[in-house]
Amino acid sequence: METLKTLIENWICAGASSSGAQAATLGIMASLAALLAFVADWLCLHVAVPIIVRVTRRTHTQWDDMLFSRRVLNSACHIVPAIVVWWLLPMVVGEYPLAKEAMSRVTAVYITVMTLRTLQSMIDAVGQMDTDRRSSAQQYFHTFCGVLRIVSFFVAAIVAVAIVLGRNPLNLIAGLGATSAVLMLVFKDTIEGLVAGIRLTSNEMMHIGDWITVPEAGADGTVVGMSLTTVKVRNFDNTIVTVSPKTLVDRSFRNWKGMLQADGRRVARRVCFDIHSLATVTQQTAEKLQEKGYCSAEDLATPQVNMALYRRYMERFIANRPEVNAGMQLMVRQLEPTPYGMPLEFYFFLHDKEWAVYEHQMAEIVEWAVVIAADFGLRVYEVASAEGPSGR
């Protein structure tokens, strides 16, 4: 390039004044530098990138497809023209020290910014690998990617400021020790989120895809995203609730993963009966119960209370239902009497844990329990109102 510049100067000086030749040489060299930068950018985008993408697609690994994706490579290609310009600056404006210094700093800052952009694209691409996995290692990996984004941005900012000021970046980093308190205050939420995220994943408290309930935040749905400072929960009404990891660690929340992994989903439904309807079984009621197959003669061999017969029948009925997991805890138990009557709790587990199916199966069993209570002489308690009779 120096030889080319000398030839151009000699050629122009033959027919122009010294000042005119210098200006013409500057214009030609600047145009030549711009042309070389454009050619370098075109070769990278239209030659190098397709070749690299074609090679990575032929491999059996996934990481190279993500790491060398078109987005990452296109971002990296924009660094090459700046490097070409930075390399040619001494030959183009070498005779103008102030212009050379200013353009060198601007070009160096541009290279720093585009390098940061490329690095951020690479981190985003790597963070998208195996997003369906729910292991703690994968959660740690996403957390590490978030930290790496912040660190790379912070380092790039220091390098850019150092270039503008003409200082050594290491000297600036050493001088930041005095402002560490301010930095900790600025990144307070990030640091707390990082610590809380590590606690969430290391203790297997939550993963992406888990169903969680956070009453304080109005969250009741599936975790769709976790970052350093936020946890995104998609509620069942398709609204998105953002919760801080620190909130989840400091306060209690419910994770339904254990229920989804178990052999059944629990039903604990309580029905209150009018306490005045409890009575010993009369001969007429006993014959009616035998006729409908609710009880056997052995069950009625001794005087019985209608609620006791009802509890035993409902336990047999629930245990024989195909949708009920009879191998898990199953009982119809009597709770402490309340002002609203004598409560019975139907406690059992259903095989199907899918929400809609679970609700329908549970409703069918409880509805049957309410309907046949009258055959045992029991009355379901209902608070009296102005529009209808009371439970008594």
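User: Is Arg379 buried or exposed, or in between?
Analyst: Arg379 is partly exposed because its relative accessible area is 34%. Buried means under 20% relative accessible area, exposed over 50%, and partly exposed in between, with a 1.4 Å probe and protein chains only. This is a predicted model, in which local features need pLDDT of at least 70 and side-chain atom pairs count only at pLDDT 80 or more, while totals for chains, interfaces and linings use all residues. Residues are numbered from 1 along each chain as its sequence is written, and side-chain values use heavy atoms, with hydrogens and water left out.

User: Which side chain meets Arg379 in a salt bridge?
Analyst: Asp274 does, at 3.2 Å from N to O. The pair links distant parts of the chain, 105 residues apart: Asp274 is in the loop between β6 (265-273) and α13 (283-291), and Arg379 is in the segment after α15 (355-372). Asp274 is buried, with a relative accessible area of 2%. A salt bridge here is a side-chain nitrogen of Lys or Arg within 4 Å of a carboxyl oxygen of Asp or Glu. Helices (H or I, at least four residues) and strands (E, at least two) are DSSP runs, numbered from the N terminus.

User: What does Asp375 pair with?
Analyst: Asp375 forms a salt bridge with Lys292, and their closest N and O atoms are 3.2 Å apart. Asp375 lies in the segment after α15 and Lys292 in the loop between α13 and α14 (306-319), so the pair ties together parts that are 83 residues apart in sequence. Shared partners join Lys288, Lys292 and Asp375 into one network of salt bridges. Asp375 counts as buried at 13% relative accessibility, whereas Lys292 is partly exposed at 44%.

User: How many salt bridges does the structure hold?
Analyst: There are eight. One of them joins Glu101 to Arg105, with the closest N and O atoms 2.9 Å apart. Both residues lie in helix α6 (residues 97-127), four residues apart, about one turn of the helix.

User: Changing topic, in what order do the strands of the open sheet run?
Analyst: The five strands follow the order β4-β3-β2-β1-β5, with antiparallel pairing. The edge strands, β4 (240-243) and β5 (254-255), each pair on one side only. Two strands pair if DSSP finds at least two bridges between them. Five bridges join β2 (residues 219-226) to β3, four join β3 to β4, and two join β1 (residues 211-214) to β5.

User: What is the phi of Asn238 in the hairpin of β3 and β4?
Analyst: Asn238 takes a positive phi near 70 degrees, and the hairpin has four residues between the strands. Most residues other than glycine have a negative phi. Asn238 is exposed, with a relative accessible area of 57%.

User: And which residues form the nonpolar patch on the surface?
Analyst: Leu35, Phe38, Val39, Trp42, Leu43, Val47, Ile51 and Val55 form it, with about 730 Å² of accessible area together. Patches are made of residues with over 30% relative accessible area and no salt bridge; like charges are joined within 9 Å, and nonpolar side chains (Val, Leu, Ile, Met, Phe, Trp, Tyr) within 5 Å. Accessible areas come from the Shrake-Rupley method with a 1.4 Å probe, and for residues only the protein chains shown count as cover. Trp42 is found in helix α2.
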